[in-house]
Amino acid sequence: MTQTSTRPTRVAILDRIVDHTSDTRSIFLSLADNHKIRFVPGQFISIAIALADETRTRPYTIASPVGEAPFEICFNRVPGGRGAEWLFDRKVGDTVEFTGPYGTFTMDSAPAAETIFIVEGTAIAPVRPMIHRASAGAHHAMTLLYAATSPEHLLYRAEFESFAARDGTFHFEPMVTQPHDVYSRLLAEAERRWVAADSDRSRHFYLCGVGKGIIALRDLLRGAGYQRRSVHYEQW
Amino acid sequence: MAKLRVIFENGDPEQIIEFDPAKAPFHHDGRPGSILDILLGHKIHLEHACGGNCACTTCHIIVKQGGKTLSEATEQEEDMLDKAPGLTPTSRLGCQAVVEDPNAEITVVIPKYTINLASESEE
């Protein structure tokens with residue numbers, strides 16, 4: 001079985017590489033026909049990773065705002081992560097085959113309520129185009145609580161600081177933590193500010209990150225009375 | 001041995017797999033012993049755009065028989081299924097539904113359509 005998808009395969013050319021840190025990279029992809037990819041903020045593409053023994057499909061979220069070409073995906077090295085290693089080996093001019101975009105962790109327009117984004121590390125990727133989309137029109141207050149294990153791993157920091165400087169309703173709150181307590185810090189902050197501080201349960205949440213911590217955040221918020229469909233999440 | 005009968009809504013020929021759930025994983029995507037894992041391990045294609053990580057609905061299946069021999073759906077799987085087109089009371093995600101009974105007899109239908117929110121055309 002070599003087939004990885006029944007959907008039409010699309011071809012992109014690696015246009016540019018940007019290293020955020022020694023272990024975190026963005027690549028910029030141009031569709032082979034020079035068109036712009038259409039997607040909903042938060043969606044991912046499914047890249048065919050051609051290994052020596054087989055082809056695997058792995059999802060990579062589009063990190064660039066809707067309408068930009070080339071489009072960007074952002075990823076980091078993961079122990080044993082053959083997909084990321086394969087991507088790190090790609091060079092400018094190489095082609096990448098993919099299907100999609102896919103995914104339901106999306107935000108096509110700003111919710112009609114205060115919105116809180118809680119993310120860590122490269123899981124900023126789906127949220128970045130959401131914030132661009134929401135900021136383009138009228139929106140309620142938005143807060144981005146963004147944790148990373150070093151200041152360098154707070155990706156797109158200058159961009160979010162710039163957003164916050166010119167838009168009084170967007171609040172950017174970076175948080176640098178130790179790797180072992182990313183989620184304990186995020187959980188404590190979420191509980192303090194959006195559970196214990198008041199009884200307002202109209203907020204919308206977008207949560208994204210690696211591992212069970214995202215599920216713990218989901219359970220905290222839903223358990224505190226937020227509507228199930230107001231707590232959106234994607235666990236990587 | 002467990003038995004898995006696979007019906008394809010697109011008209012592809014039906015498949016029957018006999019397998020020992022204790023030998024999972026059969027492949028490397030989806031939960032070990034899941035319907036996705038079993039199908040891929042037996043060279044039967046099932047879409048899984050997110051790599052079998054419960055982040056999309058492209059591995060949506062409809063369980064016609066043997067649902068009680070599968071692991072219970074988690075809240076995360078139910079949240080995801082809410083967004084699947086053609087949702088039925090016995091819908092599951094192939095990547096999450098694990099065969100737990102060594103003598104299970106399961107029948108699943110692979111729907112013709114799965115979700116893909118963005119148009120696959122471009123501007």
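## Strands β2 and β5 of chain A

In this predicted model, strand β2 (residues 24-31) of chain A pairs with β5(A) in the antiparallel sense over six bridges. Two strands count as paired if DSSP finds at least two bridges between them. Strands themselves are DSSP runs (E, at least two residues), as helices are (H or I, at least four), and both are numbered from the N terminus. Within this pair, A:Ile27 stands opposite A:Ile73 of β5(A).

## The sheet of chain A

The pair belongs to an open sheet of six strands, in the order β4-β3-β6-β1-β2-β5 (chain A). Pairing in this sheet is antiparallel. Its edges are formed by β4 (55-61) and β5 of chain A, each of which pairs on one side only. From one strand to the next, the twist averages 40°; axes are lines fitted to C-alpha atoms (for helices, over the stretch in contact), and angles run from 0 to 180 degrees between N-to-C directions.

## The two domains of chain A

The domain assignment of chain A gives domain 1 (10-102) and domain 2 (115-235); such bounds come from an automatic or database domain assignment. The C-alpha centres of domain 1 of chain A and domain 2 of chain A are 24 Å apart.

Across the boundary, 14 residues of domain 1 of chain A are in contact with twelve residues of domain 2 of chain A, where contact requires C-beta atoms, placed from the backbone, to lie within 7 Å. On the side of domain 1 of chain A that touches domain 2 of chain A, β1 (10-21) and β5 (71-76) of chain A each supply at least two residues. The edge strand β5(A) gives the most to this side, with three residues. By class, this side of domain 1 of chain A has seven nonpolar, seven polar and no charged residues. Nonpolar here covers Ala, Val, Leu, Ile, Met, Phe, Trp, Tyr, Cys and Pro, charged covers Asp, Glu, Lys and Arg, and the others, Gly among them, count as polar.

## The sheet of chain B

Chain B holds an open sheet of five strands with mixed pairing, ordered β2-β1-β5-β3-β4 (chain B). The edge strands β2 (15-19) and β4 (91-93) of chain B each pair on one side only. The twist averages 35° from one strand to the next.

Strand β3 (residues 60-65) of chain B and strand β5 (residues 105-110) of chain B run antiparallel and are joined by three bridges. In this pair, B:Ile62 stands opposite B:Val109 of β5(B).

## Conventions

Residues are numbered from 1 along each chain as its sequence is written, while chains are lettered from A and ligands numbered from 1 in the order in which they are written. As the model is predicted, local features need pLDDT of at least 70 and side-chain atom pairs count only at pLDDT 80 or more, whereas totals for chains, interfaces and linings use all residues.

How values were computed: Contact = placed C-beta atoms within 7 Å.
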